[in-house]
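Take a look at the chain below.

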Amino acid sequence: MIKKTLFFSNPYSLSLKNRQMVIRSKEDADFYRSVPVEDIGVVVLENQETGITLPLLNALADNNVSVIVCSEKFMPNAMLVSLDSNSTQGECFRNQLTASEPLKKNLWKQIVESKIRNQAALLSKLNKDANRLKPYYMNVKSGDPDNREGVAAKEYWDELFGKYFVRFRKGKSPNALLNYGYAILRAAVARALTGSGLLPSVGIFHKNRYNSFPLADDIMEPYRPYVDEIVFALYANGETELNKYSKERILKILYADTFFDNMTRPLGIALSVTTASLAKCYNRQQKKIVYPLLK
């Protein structure tokens, strides 16, 4: 089932009644809506006057809903994810925490390959030179010791947005659009990881001590080009800043079609396919993380 993404840019009061999220407007006394909590996947709280009750937050956590809290600058600032959303969580945690270095290096190799392949696929889809990336996704070594990911990224951004574009969190447009899309994707990946019984705080490659979700940063890498595709279309149509339209368009990332070998799934569900395969890799049930190929 495709879960709903709810975005609150106006002041609302959010509460829980009969397993439903009750939505009341602070500006219109007659406005009333309700949504079953079980139908929700992601909640984005942007307006600084939004009120939300603790029972509702607990119900959202119980249903493994990612709740994203935005700052006064309207950028994602924090998120709530469930800590107990999988019946075999203890076993999954142990397997993840005791994973060997060779296993983690092999997993990172697969992630790098999949990311660069999807970057090349996006360039090809946009009638740009995808061959620039072919040398980088071919024969990636275990652990990517020669940093093919980083070198390929420079080639990719040059081809996608031009040689004067610099991918930098505080850089010029469309960096803000990319930041927003990646934050939404990161929250959805963290949700999928906890649903698969994994700890988002224990990464494979990303290990910054100040990063609360390094595993989400690892696993989302091959999905970044799906965000890039939406941002490229927005930027090409003159949308250079974050606004209501661009945010709504970026939030639809979780409904984008993704293609596996024998099935097509919305991205929000594809993330669960990928994280479930990662859990099996940690459990030694399979050797390959399952990622879609962008088409």
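Does Asp-158 count as buried or exposed, by relative accessibility? Asp-158 counts as buried, because its relative accessibility is 14% and the cut-off for buried is under 20%. Keep in mind that this is a predicted model.

Asp-158 has a charged partner. Its side chain meets that of Lys-154 in a salt bridge, at 2.7 Å from N to O. Both residues sit in helix α5, which spans residues 148-161. They are four residues apart there, so about one helical turn separates them. Side chains of opposite charge can pair when their charged atoms come close.

Lys-104 forms a salt bridge with Glu-101, and the closest N and O atoms are 3.0 Å apart. The helix covers residues 101-125. Here the spacing is three residues, so again the separation is about one helical turn. Lys-104 counts as buried, because its relative accessibility is 18%. Glu-101, at 41%, counts as partly exposed.

The side chains of Arg-186 and Asp-217 meet in a salt bridge, at 2.7 Å from N to O. Arg-186 counts as partly exposed, at 23% relative accessibility. Asp-217 counts as buried, at 10%. Elsewhere, salt bridges share partners: Lys-115, Glu-149, Glu-221 and Arg-224 are joined into one network in this way. How many salt bridges does a search of the whole structure find? The search finds twelve.

Next come the cysteines. A search of the whole structure finds zero disulfides. Cys-281 shows the distances involved: the nearest cysteine sulfur is that of Cys-92, and it is 12 Å away. A disulfide needs sulfur atoms within 2.5 Å, and Cys-281 is in none. Cys-281 is buried, with a relative accessible area of 1%. Cys-70 also counts as buried, at 4% relative accessibility.

Two loops are worth a stop. Arg-19 is found in the loop between β2 (12-17) and β3 (20-25). Arg-19 is partly exposed, with a relative accessible area of 46%. Follow the chain from Arg-19 to Ala-59 and you cover 40 residues.

Met-263 is found in the loop between β9 (257-259) and β10 (264-266). Met-263 is partly exposed, with a relative accessible area of 24%. Ala-276 is 13 residues from Met-263 along the chain. Their C-alpha atoms are separated by 16 Å.

Glu-49 lies in the loop between β5 (40-45) and β6 (51-52). With a relative accessible area of 53%, Glu-49 is exposed, because exposed means over 50%.

Technical notes: Residues numbered from 1 in each chain as written. Predicted model: local features only at pLDDT ≥ 70, side-chain atom pairs only at ≥ 80, totals over all residues. Heavy atoms only, no water. Buried < 20%, exposed > 50% of the residue type's maximum accessible area, 1.4 Å probe, protein only. Salt bridge = Lys/Arg side-chain N within 4 Å of Asp/Glu carboxyl O.
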